[in-house]
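Let's take a walk through this protein together, with the model open beside you.

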Amino acid sequence: MSVRGELKIFSGTANRPLAQEVADCVGITLGKNEIERYSDGETAVTIDESVRGADVFIIQPFCYPVNEHLMELLIFIDALKRASTRRINAVIPYYGYARQDRKMRARDPISAKLVADLITTAGANRVITMDLHAGQIQGFFNIPVDHLVGLPILARYFRQKNITNGVVVSPDLGGVTRARELSERLEMPMAIIDKRRPAPNVTEIMNVIGDVKGRQAIIVDDMIDTAGTATQGAEELIERGATCVYACCTHAVLSGPAKQRIIDSKLKELVVTNTIPLKNTLKLDNAVILSVAPLIGDAIVRIHENRSVSKLFD
């Protein structure tokens, strides 16, 4: 794939392998820049090539350490703005703080909105992201947002497995729409896990709605963080007669006890994408990593050429 015109792709430190893969898909060289951290913790960004009048895309997911990567993106945007870039596109494959999208109690912040304001104020002209935890976060921005969907990538993988007696499982009531779409793509029935959260990152399963007995179950979610929902769900589905359980998601956050929980779990396979890099310490024998680089690359080309992005999902 080759692109004419002043299109440039840069990478922060959050997921440089993904940025390199995207640049390779687009057919251009990854932009030259340096990012330093001073002894007092401050971040400095240096752009080592001209970006005057260019259409620039910065690839930077908000993975661990989230605050450092967020601040890095803001400084990068400011540097590009002051270098007379024509258009600054923030490519955020994983949008951190997305779960803080509403007030649950009095005096709670809405941090997802704050982050949107910071990105806009820094000078971004557009945001490209994937599988937001809540779709309404797009409305927090006063600039265009292109919301890419990872579900077709996951569906393509499971279609290749030729599962004949499967069931797609939503890990909670909030994920029903996502599970229904995957079940339609795979032509499988759907089930729902009814759970509650007595505290953050703590889940309790109350019931399973739907028939899973004798079926291969696929739990689908937008992200897996501490893996409590996925591993408890797998155990409950096996107890209710499922022959095996897969778990899949777009964003493999995998924080805290996630790795050990997955190792000790009854999950046959964990299928994730590379929006977040799986560090060596978190790599798992039963993990399958699918690349989102071709999708992001296609979206970048379409945006650069002022063509429809939604056509990617028709």
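Apart from its neighbours within four places in sequence, L278 is in contact with A252, L254, V272, K283 and I289, where contact means heavy atoms within 4.5 Å. Before going on, a word on the source: this is a predicted model, in which local features need pLDDT of at least 70, side-chain atom pairs count only at pLDDT 80 or more, and totals for chains, interfaces and linings use all residues. Residues are numbered from 1 along each chain as its sequence is written, and side-chain values use heavy atoms, with hydrogens and water left out.

Back to L278, which you will find in the loop between strand 13 and strand 14. Helices (H or I, at least four residues) and strands (E, at least two) are DSSP runs, numbered from the N terminus. L278 has 11% relative accessibility and so counts as buried; buried means under 20% relative accessible area, exposed over 50%, and partly exposed in between, using a 1.4 Å probe and protein chains only.

Look for A227 between strand 11 and helix 6 (228-239). Leaving out neighbours within four places in sequence, A227 touches A258, R261 and I262 by the contact criterion.

Next, turn to helix 4 (residues 151-160). Is this helix enclosed or open? Seven of its 10 residues are buried, so helix 4 is largely enclosed by the rest of the structure. Those buried residues are L151, P152, I153, L154, A155, Y157 and F158. They pack against helix 5 (176-186), strand 11 (216-224), strand 12 (244-252), strand 13 (267-273), strand 14 (287-290) and helix 8 (293-304).

Now move to helix 2 (residues 66-82) and helix 3 (residues 111-122), whose axes come within 8 Å and cross at roughly 20°. Axes here are lines fitted to C-alpha atoms, for helices over the stretch in contact, and angles run from 0 to 180 degrees between N-to-C directions. The two helices are therefore roughly parallel to each other, a label for angles under 35 degrees. L70, L74, I77, D78 and K81 of helix 2 meet V115, L118, I119, T121 and A122 of helix 3. By class, these contact residues are seven nonpolar, one polar and two charged; Ala, Val, Leu, Ile, Met, Phe, Trp, Tyr, Cys and Pro count as nonpolar, Asp, Glu, Lys and Arg as charged, and the others, Gly among them, as polar.

The backbone has some details to pick out too. Most residues other than glycine have a negative phi, and most peptide bonds are trans. In the loop between strand 4 (55-59) and helix 2 sits P65, joined to Y64 by a cis peptide bond with omega of about -10°. S84, in the loop between helix 2 and strand 5 (87-92), has a positive phi near 65°. S84 is partly exposed, with a relative accessible area of 35%. R107 lies in the loop between strand 5 and helix 3 and has a positive phi near 70°. At 76% relative accessibility, R107 counts as exposed. Just after helix 4, N162 also takes a positive phi, of about 55°.

Notes. Angles under 35 degrees count as roughly parallel, over 145 as roughly antiparallel, 65 to 115 as roughly perpendicular and the rest as oblique.
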